[in-house]
Amino acid sequence: MSNATIVTGKTSSGLVRRGLIEAFFAALISFGMFVLYIGLKTDQNIHNELIIVQRWGLLAIFVAIAAIGRFAVIVFLRPHLDERKLSKARSGELEISTDKTFLQKHFLKFALILMILYPMIVVGIVGAQGSLLYVDNFGIQILIYVMLAWGLNIVVGLAGLLDLGYVAFYAVGAYSYALLSTHFGLSFWLLLPLSGIFAALWGVILGFPVLRLRGDYLAIVTLAFGEIIRLVLINWTDVTQGTFGISGVPKATLFGIKFDASADGFAKIFHLPMSSAYYKIFLFYLILALCMLTAYVTIRLRRMPIGRAWEALREDEIACRSLGINTVTTKLTAFATGAMFGGFAGSFFAARQGFVSPESFVFLESAVILAIVVLGGMGSLTGIAIAAVVMVGGTEILRELDFLKAVFGPDFTPELYRMLLFGLAMVIVMLFKPRGFVGSRSPTAFLKESKSVSGSFTKEGHG
Amino acid sequence: MSTLSSDTLLKVEHLSMKFGGLMAINDFSFEAKRGDITALIGPNGAGKTTVFNCITGFYKPTMGMITMNQKSGKTFQLERLPDFRITREAKVARTFQNIRLFSGLTVLENLLVAQHNKLMKASGYTILGLLGIGGYAKEAKNAIELARFWLEKADLIDRADDPAGDLPYGAQRRLEIARAMCTEPELLCLDEPAAGLNPRESAVLNALLRAIRSETGTSILLIEHDMSVVMEISDHVIVLEYGQKISDGTPDHVKNDPKVIAAYLGVEDDEVEDVIAEVEHLEGGAK
């Protein structure tokens, strides 16, 4: 014990010195990195000429953040963490504790109840009109990504097939609904399953040529597939109207009740004041139900032979073949099932927006969905849902942070830093949780007790 | 087939496998009898694993015929079937030289994956099972019972809920055999099951293989370097060198075959006759 105090006492002045030196280097490096990106900005002046705007103040803020952050880590955070680790080791307290708290045990139930009550709480606090922002931008937007990520999870997380073109199925679903409803007037409830089936068909069509590919090769071909679908949507102008997109896509109805101002609209029937909030709340419950369907089917499938075969395929394809599993059909069903949920989400998206265009189905979307799956922990529904809340909710919050303008000046638009912050957040999460938020998997069958399998044993799949 | 007697389980005729210019197996023929433990031995690089890969469909042989004759009288031409159908229909299961377990799945799940085809049928190819119609629940229970049976046989019942990758090496070997047995095969092909095992684990393995044969009537074809395993449990030994068969018979016959001794001790070709003469002389002296 005395030894330790001597060590800390001896170094405390040395620690500050080291902190200052490291802070200086951090400042130097961040200056070098940011001087061209943040210090200088190209802009147009009133004569439409290209000029360089110098932003030394903003640059100074960035550099100062880096230096102060580094200093704080060296002088305060690290010694604190070391001391905590040491005292834990002394007291013999182990990191692993097997008993869960009440909250941990019932986390999923609480989360579901909270989701069901969410629109009512929001309406209760900010009123029907004010709830639009929270229900639509946060609730629906996040849930769409939860559903997409859960769908992709079947392909990437369970079957271990890296798919970089998932957004293609989302596009197929959206355009199926947009085209069939505007041209033939079919209802949302008929087109929802149809869009899923169309997307699943495209999943099989993609599946066939890529069956023999693995790893990087598979990723590249799926990426190309996503681009092909988008380019077809842009160039097949007779049907898709190209980059103009399809507007006036009919809204979804609740058992035939429309959400508009007409006499038999939702508001009139229930004698409520007219508001667009009802439709948003309806959409919220609709996408929540679709998410629950995805989760239910995924959980059930994992306990069925096909789900086990997917996971076995991720672990070792050759061993699968030696056990009589037809890997071709197993991969195809994984592609088709994942694509089907993408299609559902797509038709929902079209009904919500009332407008679809190829702009919504760029590669970045695929990347974001894949990032959510990886960040959440491949195969874990809970982890993926948390990752979707963090990634998509985080983006939406950035739009709302007006006070940042007070700090960084009136020109500062936080949305533009979205990708920077995204990348930063991903690097940090992957450093501390390399297997995602939830890295372990729960077994699908057990004899005595169900022990979760640590992420160090599961494989990521190789294509 | 007229030449196939009912106690022949597997008949390999004129099997050849060429990789580019390399003749890995050259006109290799043998028969494995039903209920026998047949061992395939030979120096490193003799082509033993290649023969296995041809039998189990992982390679398509350049030439030759591989006939599987089931108990029911059904015959299969294995060289024409894709690998997964060899396990599913012809009932030939295999293990691998470098263990291939599903390390992220639990021990029990590994054994359930092996019963995939049976369970797929019971679950109405997933659709009926998803809706909760039909006998999937009952069949799933039976599958767990079969898994429990093999876990007890392989002495893994206490580790049933642990990830397969967490097992010690010897236990992983036994689990791979148990997993192959869960496909309910008529012929079990084991590629060096005793590799890396200590003498005690080898003895446990021998007991397991004997139990498999006596209790289920499954015939076993194994590649092995560990002579204590080969000589103790096999009924029939085939020796392969440079892709060709050099000896075929009972363990005692093979043990004393001068060609085998030459292959293992590495005698020059022209010295083989000397060795043969020496062995004959010794045998004569013993008599």
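In which helix of chain A is Phe107(A) found? Phe107(A) belongs to helix H4 of chain A, where helices (DSSP runs of H or I, at least four residues) and strands (runs of E, at least two) are numbered from the N terminus. Phe107(A) is partly exposed, because 13 other C-beta atoms lie within 10 Å of its own; a residue counts as buried with 20 or more such atoms, as exposed with 12 or fewer, and as partly exposed in between, with C-beta atoms placed from the backbone. From Phe107(A) to His183(A) the separation is 76 residues in sequence and 45 Å in space, C-alpha to C-alpha.

This is a predicted model, in which local features need pLDDT of at least 70 and side-chain atom pairs count only at pLDDT 80 or more, while totals for chains, interfaces and linings use all residues. Residues are numbered from 1 along each chain as its sequence is written, and chains are lettered from A and ligands numbered from 1 in the order in which they are written.

Chain A has 17 helices and 4 strands, and 38% of its 463 residues are buried. Two residues are in contact if their C-beta atoms, placed from the backbone, lie within 7 Å; among contacts in chain A between residues at least 6 apart in sequence, 74% join residues at least 24 apart.

| Helix pair | Angle between axes | Axis separation |
|---|---|---|
| H11(A) (residues 305–315) and H13(A) (residues 327–353) | about 105 degrees | 10 Å |
| H4(A) (residues 107–158) and H13(A) | roughly 165 degrees | within 8 Å |
| H4(A) and H10(A) (residues 277–302) | roughly 30 degrees | within 8 Å |

Angles under 35 degrees count as roughly parallel, over 145 as roughly antiparallel, 65 to 115 as roughly perpendicular and the rest as oblique. H4(A) is therefore roughly parallel to H10(A). The angle of about 105 degrees between H11(A) and H13(A) makes H11(A) roughly perpendicular to H13(A). At roughly 165 degrees to H13(A), H4(A) is roughly antiparallel to that helix.

H4(A) crosses H13(A) in a left-handed sense, and the crossing of H4(A) and H10(A) is also left-handed; the term applies if the near helix is turned anticlockwise from the far one by less than a right angle, and right-handed if clockwise. On the H4(A) side of the contact with H13(A), the residues include Ile140(A), Met147(A), Trp150(A) and Leu158(A), and on the H13(A) side they include Ala334(A), Phe341(A), Phe348(A) and Arg352(A). By class, this contact of H4(A) with H13(A) has 15 nonpolar, 4 polar and 1 charged residues, where Ala, Val, Leu, Ile, Met, Phe, Trp, Tyr, Cys and Pro count as nonpolar, Asp, Glu, Lys and Arg as charged, and the others, Gly among them, as polar.

Ala334(A) of H13(A) also takes part in the contact with H11(A), in which Ile306(A), Ala309(A), Trp310(A) and Leu313(A) meet residues of H13(A) that include Thr327(A) and Lys331(A). The contact of H11(A) with H13(A) divides into 5 nonpolar, 3 polar and 1 charged residues.

**The nonpolar cores**

A nonpolar core is a set of buried Ala, Val, Leu, Ile, Met, Phe, Trp, Tyr and Cys residues joined through C-beta atoms within 7 Å. In the largest core, of 179 residues, Met147(A), Ala149(A), Ile287(A) and Ala388(A) touch the most other members, and H4(A) gives the most to this core, with 17 residues. Not counting residues up to four places away in sequence, Ala149(A) touches Ile369(A), Ile372(A), Val373(A), Gly376(A), Ile384(A) and Ala388(A). Another core lies apart from the largest one and has 8 residues, among them Ala27(A), Phe62(A), Val63(A) and Phe71(A).

**Chain B: interface and backbone**

The contact between the chains takes 33 residues from chain A and 34 residues from chain B. On the chain B side, the elements that give two or more residues are helices H2 (83–88), H3 (107–113), H4 (116–122), H5 (127–131) and H6 (136–153) of chain B, and that side has 13 nonpolar, 12 polar and 9 charged residues.

Most residues other than glycine have a negative phi. His14(B), in strand S1 (residues 8–19) of chain B, has a positive phi near 50 degrees, and His14(B) counts as exposed because it has 12 C-beta neighbours inside 10 Å. Tyr242(B) has a positive phi of about 45 degrees and is found in the loop between strand S9 (236–241) and strand S10 (244–249) of chain B; with 15 other C-beta atoms within 10 Å, Tyr242(B) is partly exposed.

Technical notes: Axes fitted to C-alpha atoms, helices over the stretch in contact; angles between N-to-C directions.
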